[in-house]
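Trainee: Could you walk me through this one before I set anything up?
Mentor: Gladly; have a look at it first, and then ask whatever comes to mind.

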Amino acid sequence: MSTVHFTCPDCAQTIEVNDEMRETILDAGCPVCTATAAEEDFAVACE
Ligand SMILES: [Zn+2]
């Protein structure tokens with residue numbers, strides 16, 4: 001089971017995301033501040 005965390009490059013908010021949320025963030029930006037997000041802002045942690 002792997003978990004993906006998004007860390008916003010702008011507001012530094014870290015959010016645990018699923019695949020659907022990841023796509024949404026890449027499309028619409030950070031859910032907190034709407035800053036543009038890139039692939040490198042996502043980190044995968046295997047548990
Ligand atoms: Zn943000």
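Predicted model: local features only at pLDDT ≥ 70, side-chain atom pairs only at ≥ 80, totals over all residues.

Trainee: Where is Ala12 found, and what about its phi?
Mentor: Ala12 is found in the loop between E1 and E2, and although Ala12 is not a glycine, its phi is positive, about 65°.

Trainee: Okay, zooming out, what pattern does the protein chain follow along the sequence?
Mentor: Read along the sequence, the pattern is β-β-α-β, made up of 1 helix and 3 strands. The C-alpha trace of the protein chain spans about 30 × 20 × 15 Å along its principal axes.

Trainee: And what is the order of the strands in the sheet?
Mentor: The sheet is open, its 3 strands are ordered E2-E1-E3, and the pairing is antiparallel. Strand E2, residues 14-17, and E3 are the edge strands, each of them pairing on one side only. On average, neighbouring strands of this sheet are turned by 30° against each other, if direction is ignored.

Trainee: How many bridges are there between E1 and E3?
Mentor: There are 5 bridges, in the antiparallel sense, between strand E1, which covers residues 2-7, and E3. Within that pairing, Phe6 has Phe42 in E3 as its bridge partner, while His5 stands opposite Ala43 in E3.

Trainee: Why does E3 lie largely in the open?
Mentor: Strand E3 spans residues 42-46, and of these 5 residues the number buried is 0, so the strand lies largely in the open. Over the protein chain, 11% of the 47 residues count as buried.

Trainee: Switching to the helix, how many of the residues of H1 are buried?
Mentor: Helix H1, residues 19-28, is hardly covered, as 1 of its 10 residues is buried. H1 lies across E1, E2 and E3, and runs at about 130° to E2. After H1 comes Gly29, with a positive phi near 95°.

Trainee: Then which residues make up the largest nonpolar core?
Mentor: The largest nonpolar core has 5 residues in all, namely Phe6, Cys8, Ile25, Cys30 and Ala37. As general background, nonpolar side chains in soluble globular proteins tend to be buried together.

Trainee: What is Phe6 in contact with, leaving aside its neighbours within four places in sequence?
Mentor: Phe6 is in contact with Ile15, Val17, Ile25, Ala37, Asp41 and Phe42.

Trainee: Last one, what share of the contacts with a separation of 6 or more comes from residues 24 or more positions apart?
Mentor: For the protein chain, residues 24 or more positions apart account for 46% of those contacts.

Definitions and conventions: Residues numbered from 1 in each chain as written. Buried ≥ 20, exposed ≤ 12 C-beta atoms within 10 Å, placed from the backbone. Helix = DSSP H or I, 4+ residues; strand = E, 2+ residues; numbered from the N terminus. Pairing = 2+ DSSP bridges. Contact = placed C-beta atoms within 7 Å. Core = buried A, V, L, I, M, F, W, Y, C linked by C-beta atoms within 7 Å. Axes fitted to C-alpha atoms, helices over the stretch in contact; angles between N-to-C directions.
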